[in-house]
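Please examine the sequence and the three-dimensional model shown here. The paragraphs that follow lead through selected parts of the structure.

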Amino acid sequence: MIEIQKLHKSFGSQIVLNDLNLSIPKGKITVIIGRSGEGKSVFIKHLMGLIRPDSGKVIIDGTSLFDLNQYQLNDIRKRFGMLFQYAALFDSMTVYENIAFPIKEHTNKSLKEVTNDVHELIDLVGLSKITLPKFPSELSGGMRKRVGLARAIALKPEILLYDEPTTGLDPVMTDVVNHLILNTQKTLGITSVVISHDIQATYDIADKIAMLHEGKILLEGDTQTFKNTKNIVVKNFLNGNASPEQLKEI
Ligand SMILES: Nc1ncnc2c1ncn2[C@@H]1O[C@H](COP(=O)(O)OP(=O)(O)OP(=O)(O)O)[C@@H](O)[C@H]1O
Ligand SMILES: [Mg+2]
């Protein structure tokens, strides 16, 4: 569904993505792992054209993203939903307005239809109607993630991008959000790309795992590939071991 070819991105003299190649299968959950600062957020933002690469391609269903004009890019973005790393809700809008926003923006639905959609969406993410008039500052972290997810799936996207959907949540909420990701993928048949720090959750939800390291995909495959790997960098990451170089810096 998504082909990433020789994607290259630097900021000043810092190379973040170094000719990265990856293919993302349709209707499956692909999890991107890697250490903090390796470029996971930068990578996922390229997938919907929020960041332009120095070179390389992102091909979605045969369409090369960065060859499109602004108008065509906006059009293709409607097929995406994104849950940003920090939920990124509009603070001055209520939960209702946050979820209704993309629907009002991109469709011609009547107010009644919009409200129906919002009710369906909060149901799907397991929130109750009493949260609708609240503002983001009045919600817990887990509730904010759910509102973010409801907004991300409001336009029934074909592709959902999640940047660390469970960071900062307690173990139970983490499990709930992981089930939510699985359910959304199953019920809506969505192609999902998830960035995660959580190895157990990765094993629980991933059809495909890819580890980003030094600007490239160091290893890709299913859960077994990662559990059986002999690659020492991957093993240390999975086990949470610091490398000798990192320990020297203490
Ligand atoms: N707009 C930007 N301008 C300059 N440098 C940037 C920009 N965005 C990201 N970077 C740099 O790119 C590198 C990768 O950042 P990124 O946010 O993708 O890391 P990450 O893998 O998502 O980390 P984390 O797991 O902590 O979220 C970092 O060194 C960061 O400082
Ligand atoms: Mg990040």
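Helix H1 (residues 40–47) contributes the most to the shell around ligand 1, with three residues; helices (H or I, at least four residues) and strands (E, at least two) are DSSP runs, numbered from the N terminus. The residues around ligand 1 are Phe11, Val16, Gly34, Ser36, Gly37, Glu38, Gly39, Lys40, Ser41, Val42 and Gln85, where a residue counts as near a molecule or strand if its C-beta atom, placed from the backbone, lies within 6 Å of it. By class, this shell around ligand 1 comprises three nonpolar, six polar and two charged residues. Here Ala, Val, Leu, Ile, Met, Phe, Trp, Tyr, Cys and Pro count as nonpolar, Asp, Glu, Lys and Arg as charged, and the others, Gly among them, as polar.

This is a predicted model, in which local features need pLDDT of at least 70 and side-chain atom pairs count only at pLDDT 80 or more, while totals for chains, interfaces and linings use all residues. Residues are numbered from 1 along each chain as its sequence is written, and chains are lettered from A and ligands numbered from 1 in the order in which they are written.

The protein chain as a whole holds 10 helices and 10 strands. Its radius of gyration (taken over C-alpha atoms) is 19 Å, close to the 18 Å that the globule rule gives for 250 residues, so the chain is as compact as a globular protein of that length. That rule is 2.2 Å times the number of residues to the power 0.38. The C-alpha trace spans about 60 × 45 × 35 Å along its principal axes.

Two packed helices are described by the angle between their axes and the distance between the axes. Helix H3 (residues 95–106) packs with helix H5 (residues 141–152) at an angle of about 25°, their axes being 8 Å apart. Axes are lines fitted to C-alpha atoms, for helices over the stretch in contact, and angles run from 0 to 180 degrees between N-to-C directions. H3 and H5 are therefore roughly parallel to each other; angles under 35 degrees count as roughly parallel, over 145 as roughly antiparallel, 65 to 115 as roughly perpendicular and the rest as oblique. In this packing, Val95, Asn98, Ile99, Phe101 and Pro102 of H3 meet Val147, Ala150 and Arg151 of H5, contact meaning that C-beta atoms, placed from the backbone, lie within 7 Å.

H3 also packs with helix H4 (residues 111–124): their axes come within 10 Å and cross at roughly 120°. H3 and H4 are therefore oblique to each other.

Methods
Contact = placed C-beta atoms within 7 Å.
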